[in-house]
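Open the model in your viewer and keep the sequence panel beside it. The stops below say what to select and what is there.

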Amino acid sequence: RAGLYFTIHRVVSAAGVRAAHSFHVPVLMVISAPSGSAFNVQVPERFSNLQWYLSHAGNTVQMVAFLERQMTRADFVALVENCLSYLPELALGEDRSGERFFLPPKTCGEGEIWRYETVDELSPDPTDAFSPATDLFDRNDLPAFRATCQVVSDASDGAPATRLHFTASHSLVEGADLAAVLRGRLNRRGRRSVTGNGLSRATRFGLAVAAPFLACIHVAMAKAERRKPTDFGFACVEMERADIEDAARTLNISKRGLLFALALFTLAGPEPRRRAWRFAYSKLPARRILLEDDDYLSVRVQAMASKGSDSFADFARMLDRQLAIQNETEVLTHFLANRVLKVQRRVAAVFPGLYRGAFFGFSPYDMVLSLVPPIAPAGPFAVLAGARILGGSYTGTVPGVIYLCDAQRVSWTCWLERRQADRLQDLAQLADSLNIRHTIWAQPLREPQDRR
């Protein structure tokens with residue numbers, strides 16, 4: 001079934017695409033920040049199909065930052081206020097039953113969505129902060145956003161003095177938002193021009209025909225899924241950016257190709273290097289397709305199949321060539337996925353029982369990879385310049401890796417099956433062979449979980 005699902009994706013994705021754009025019509029509301037300032041927020045009238053899926057799956061995005069200096073309460077309040085000013089969607093709540101966003105009555109109360117506290121010590125291990133954070137959706141009177149600042153009362157030299165942890169709903173925030181906001185760029189949602197639908201009639205007909213079949217296969221595969229989110233955990237990897245660049249240059253491949261190859265070769269699937277992988281990766285499109293791209297979220301998820309190999313160098317070069325070829329063409333896997341979700345959403349409204357259990361949070365991929373645009377804090381977020389910053393995402397039963405890159409390092413935040421914990425040793429050995437300096441944090445992945 002997985003092979004059939006993926007084959008249909010590839011067949012329908014073979015058509016070309018002309019340029020076009022998309023937009024959504026928001027409702028303008030006003031929010032208040034911790035200091036009492038007021039900001040405008042554009043509230044989508046209704047969930048897009050992708051937002052419907054992400055919201056019901058409880059997917060969250062998170063950022064953890066370590067600073068070597070103590071952050072004051074005033075500085076932290078200002079940081080939260082700037083987050084709301086530059087990305088005001090953070091103040092919204094989610095109404096899953098009504099499939100809409102709303103402005104909660106409580107927006108910025110201390111102890112409710114943000115917290116500042118003093119602690120005796122802080123571990124440099126970022127996995128101490130990452131968690132599924134699905135309690136973000138437990139209260140309907142609060143935004144789907146949390147911010148925490150922990151400051152060591154008497155920090156020693158070289159140890160982290162401040163740890164920041166931000167969590168938000170993935171249906172409202174994506175990695176590109178994080179990168180843009182940290183650079184001091186305002187969120188520009190709702191300002192996309194419209195030039196018409198760039199898909200041919202034949203392509204749209206193919207998408208419409210394939211979507212119901214894929215929807216049925218998707219539900220069947222989700223029903224057969226036996227893994228639970230408690231079978232997964234977070235692990236973090238930090239690599240020196242200069243070493244990544246040197247290794248990519250030695251192999252004559254792109255840095256993205258190297259990063260993706262490292263993860264797939266060592267961490268993906270039950271038998272790495274012995275079979276083909278079905279994986280997906282995210283990218284930001286240079287142009288948008290009316291009626292096909294998501295109305296709100298900018299990212300596209302591209303699907304790809306890659307053959308296995310016993311040689312990492314051969315595998316990395318082959319994968320990089322595939323990525324380069326696909327980067328030059330507009331494939332339609334994301335558009336097809338949107339059509340499938342549209343069908344699922346309509347069926348779920350009539351037969352909600354079909355979508356209980358493992359459906360939300362399931363995808364037919366061995367791994368999902370996301371390379372966030374480079375992180376360079378500036379403007380009102382210059383206070384984070386030089387900080388260790390990691391970004392992660394809880395994705396149910398879908399293994400994934402989020403890559404964040406700054407001037408010095410490339411961080412990985414991995415959501416993996418616990419039985420894959422030993423695979424991180426394979427990654428470490430491969431990194432050593434490529435002369436890539438690295439640190440791996442994986443204690444939560446090795447800890448047994450209460451499955452009750």
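Which backbone oxygen lies 3.0 Å from a polar atom of the side chain of Thr60? The backbone oxygen of Pro132 does. A polar contact here is a pair of N or O atoms within 3.5 Å; within protein, one must be able to donate a hydrogen and the other to accept it, and residues adjacent in sequence count only if both atoms are side-chain atoms.

This is a predicted model, in which local features need pLDDT of at least 70 and side-chain atom pairs count only at pLDDT 80 or more, while totals for chains, interfaces and linings use all residues. Residues are numbered from 1 along each chain as its sequence is written, and side-chain values use heavy atoms, with hydrogens and water left out.

**Stop 1: Thr60 and its strands**

Select Thr60, which is found in strand β3. Helices (H or I, at least four residues) and strands (E, at least two) are DSSP runs, numbered from the N terminus. Thr60 is buried, with a relative accessible area of 0%. Buried means under 20% relative accessible area, exposed over 50%, and partly exposed in between (1.4 Å probe, protein chains only). Leaving aside residues up to four places away in sequence, Thr60 touches several residues, including Pro132, Phe137, His170 and Gly392; a contact means heavy atoms within 4.5 Å.

Strand β3 (residues 60–67) and β13 pair in the antiparallel sense over seven bridges; two strands pair if DSSP finds at least two bridges between them. Strand β13 (residues 388–394) has seven of its seven residues buried. Arg388, Leu390, Gly392 and Tyr394 lie on one side, and Ile389, Gly391 and Ser393 on the other.

**Stop 2: charges over rings**

Select Arg388 with Phe66: the charged end of Arg388 sits over the ring of Phe66, 4.5 Å from its centre. The charged end of Arg96 sits over the ring of Phe137, 4.7 Å from its centre. The criterion is NZ of Lys or CZ of Arg within 6 Å of the ring centre and within 35 degrees of the ring normal.

**Stop 3: aromatic pairs**

The structure holds 20 aromatic pairs. One of them, Tyr53 with Phe359, is edge-to-face, at 6.2 Å centre to centre and 85° between the planes. Tyr53 is in helix α2 (residues 49–57) and Phe359 in the loop between α9 (333–350) and β12 (367–371), 306 residues apart. Rings of Phe, Tyr and Trp (its six-membered ring) pair if their centres lie within 6.5 Å; planes under 30 degrees apart count as stacked, over 60 as edge-to-face and the rest as tilted.

**Stop 4: Arg418**

Arg418 is in the loop between β15 (409–417) and α10 (423–433). At 19% relative accessibility, Arg418 counts as buried. A polar atom of its side chain lies 2.6 Å from the backbone oxygen of Phe232, and the backbone oxygen of Thr230 lies 3.1 Å from a polar atom of that side chain.

**Last stop: confidence**

Colour by pLDDT, the predictor's confidence in each residue, from 0 to 100. The chain mean is 81. Confidence is lowest in helix α1 (residues 2–12), at a mean of 42, and highest in helix α6 (residues 241–251), at 96. Over residues 1–29 the pLDDT is below 50. Where pLDDT is low, the predicted coordinates should not be read in detail.
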